[in-house]
Amino acid sequence: MMREVKLSRVSRVYGTSPTVIALDGIELTIGQGEFVAIQGESGGGKSTLLNILGLLDTPTGGDYFLGGQAVSDVSAGQLPLTRSDSFAYVFQAFHILEQRPAVESVELSMLYRGISTQVRRDRALDALTQVGIDHLAYTVGRNLSGGQRQRVAVARALASRAPVLLADEPTGNLDSRNTQAVMECLERVHRTGATVVLVTHSQELAARADRRIQVADGKIVADSGQSSPVAPPPPAPDGEAGRVRLRHALADVWANVTSRIGRTSGLVAAVAVAIALAVATSGLAFSAQAQVSDTFNAAESTDVFMQWDELTGDTGTAESIVQRLAALNGVTAAGVVSHHDARTVSASPVRPPLMAPVLTYEGQLEAARLGVEWPAAPRKTLGDGEALVGRNLADQLQLPTLPTTPVIEVDGAPLSVVGIIDTSPRAPEWLGGVVTTTTSEIRFADRTISVTALVTTATGAANQVSREAPLAIDPFAPDRLVVKQPTDPNSLRATIEGSVQASLIVLTVVAMLGSIASVTLATLAAVAERRGEIGLRRALGARRRDIWSMLTLEATAIGVSGGMIGVLLGLGAILAVTIARHWTPIFDARLGLAAIFAGALIGIVGALAGAMRAVRIAPSEALRPGN
Ligand code: ADP
Ligand code: MG
């Protein structure tokens, strides 16, 4: 492939005031296959010249023709592709992938041309063999010496098959033995038909080139003249510039992430902590909510209590009310109790009678949820002439202790006491009175004070029953009944859920923001540290979007890993707490997916600032010695 480079009146001015004229009206043509040495004092403009030749920098004046085409016609987006088609670089500051095996540094330029993994690997190993360090192919970059690194860089140039190799003081940091070795490698590249432009301070090395150019104060002050190529031009580089395959990009990202295991685990941990916190709080909130609701359902939501004035309305007999209540859906037991004014009660003819409230009860005793001491078998209902006496009244009457069945007289009518009421949570006043049946031989007419219905329901049915029961008792005036119903567990649950969700959202948002902040800081630091690497990738043909997607994919990988670890940690926390508290753990699988997604989001958002900074890195700046 022919890549003649031709500069016409090219100048490069840095800064505004004061301005530095680094290049001043350069006229230079280098034919394909030449070996050119550029010499000159430090600060004379050699690097600037090489950067302009290599499309790493743009002239501020004049024209550059590459293979006959005006470079000013090439769009900024196209420049990396033209670089990849034409140039290979060897820098004084080495620039290889510090964390990755040498062979992967050699493969890098081929990555951005979509060349298959196998071809890349074969050709990279072959190039390493040609420069004599194939035994170091799998040694990590940071463990290589300067001479070895520079040979990796030359191997990368060889493997890329670029027609032009630009080397800026490649031996500036090397001892004489390594200098000789690298020079021999450059000569080997030259023999493939490639153009080699070598900036060097060494007179001896310059003498080995076919053409020598002297640069001073931004001008070419001496030129030994164009030379003839030693070999036919090399074939065009294979692959296609800018055609990065997704799976190659993913493999590259994976290698980046796994080769910086310390940094990666720090970031994964930052994401994992946030996700674990979110998962644990939400999971525990749901478990706790379920626990609270269960408690309500189990106790308070099974009791319904209604009271009304016996003297008004048309309710029918107590017995028929009980039947109607018991027929309602969800009712497990029902009873109707009539409250009357106080009566004389005596337990023995030798003691004066007491005044005590007397209640008549119709229906199942179970509905009153009494705790009764039964002398014989427990009763489900009271029979004719039978009574229960409250513990307090029994003590006042000095009733003989059960299991005898004492007889008391109420207004002179005898009642046999079949049990003593020890506890009466639904009607505590029963502890001081007598409970008997409506069929007892006591005259209650016109002396009833009020009537109460006690209903127990199946779990969760209390609300429905409390809506239907007044109609069942008095269909014509249900409103006159005072209904005591438990708090609606649904609205209670909604209240709890509402407040829990609000604090949950706040916690999760705070945790997410915190971890986005730490990922942002870490990515910014990483981009600063990887300036050289990013500059190198750009020089080798990576477009801005390739750098952008590399950093974003790295962040996504970290975010997803953090998300998955976070879900596991969060689940562990939920299990630990629920087991310790004997709760039923509740975990929605969708929450797990959402958490992993949130992890990815944290990674991507956290990488934004770093990625924005990275795509603005100018390769010519990033690749200078000292960066
Ligand atoms: P050489 O490689 O021959 O030592 P350079 O091309 O690096 O010289 O630099 C040529 C001149 O341009 C020097 O005076 C240098 O200070 C100046 N220069 C190079 N790069 C920049 C820059 N980015 N900003 C301002 N001045 C620069
Ligand atoms: Mg220089």
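In the predicted model, leucine 53 touches Val5, Leu7, Ile30, Tyr64, Phe87 and Leu166, leaving aside residues up to four places away in sequence, where a contact means heavy atoms within 4.5 Å. Leu53 is also among the residues that touch the most other members of the largest nonpolar core, together with Leu7, Ile38, Leu49, Tyr64 and Phe87, and this core holds 67 residues. A second, separate core of 41 residues includes Met110, Ala127, Ala157 and Cys185; a nonpolar core is here a set of buried Ala, Val, Leu, Ile, Met, Phe, Trp, Tyr and Cys residues joined through side-chain atoms within 4.5 Å. Buried residues (under 20% relative accessible area, with a 1.4 Å probe and protein chains only) make up 51% of the 627 residues in the chain.

The chain contains 17 helices and 22 strands, taken as DSSP runs of H or I with at least four residues and of E with at least two, respectively. Its C-alpha trace spans about 145 × 45 × 40 Å along the principal axes, and the radius of gyration is 47 Å, whereas a compact globule of 627 residues would have one near 25 Å, by a rule of 2.2 Å times the number of residues to the power 0.38, over C-alpha atoms. Of the contacts with a separation of 6 or more, 78% are accounted for by residues 24 or more positions apart.

Local features need pLDDT of at least 70 and side-chain atom pairs count only at pLDDT 80 or more, while totals for chains, interfaces and linings use all residues. Side-chain values use heavy atoms, without hydrogens and water, residues are numbered from 1 along each chain as its sequence is written, and chains are lettered from A and ligands numbered from 1 in the order in which they are written.

Technical notes: Buried < 20%, exposed > 50% of the residue type's maximum accessible area, 1.4 Å probe, protein only.
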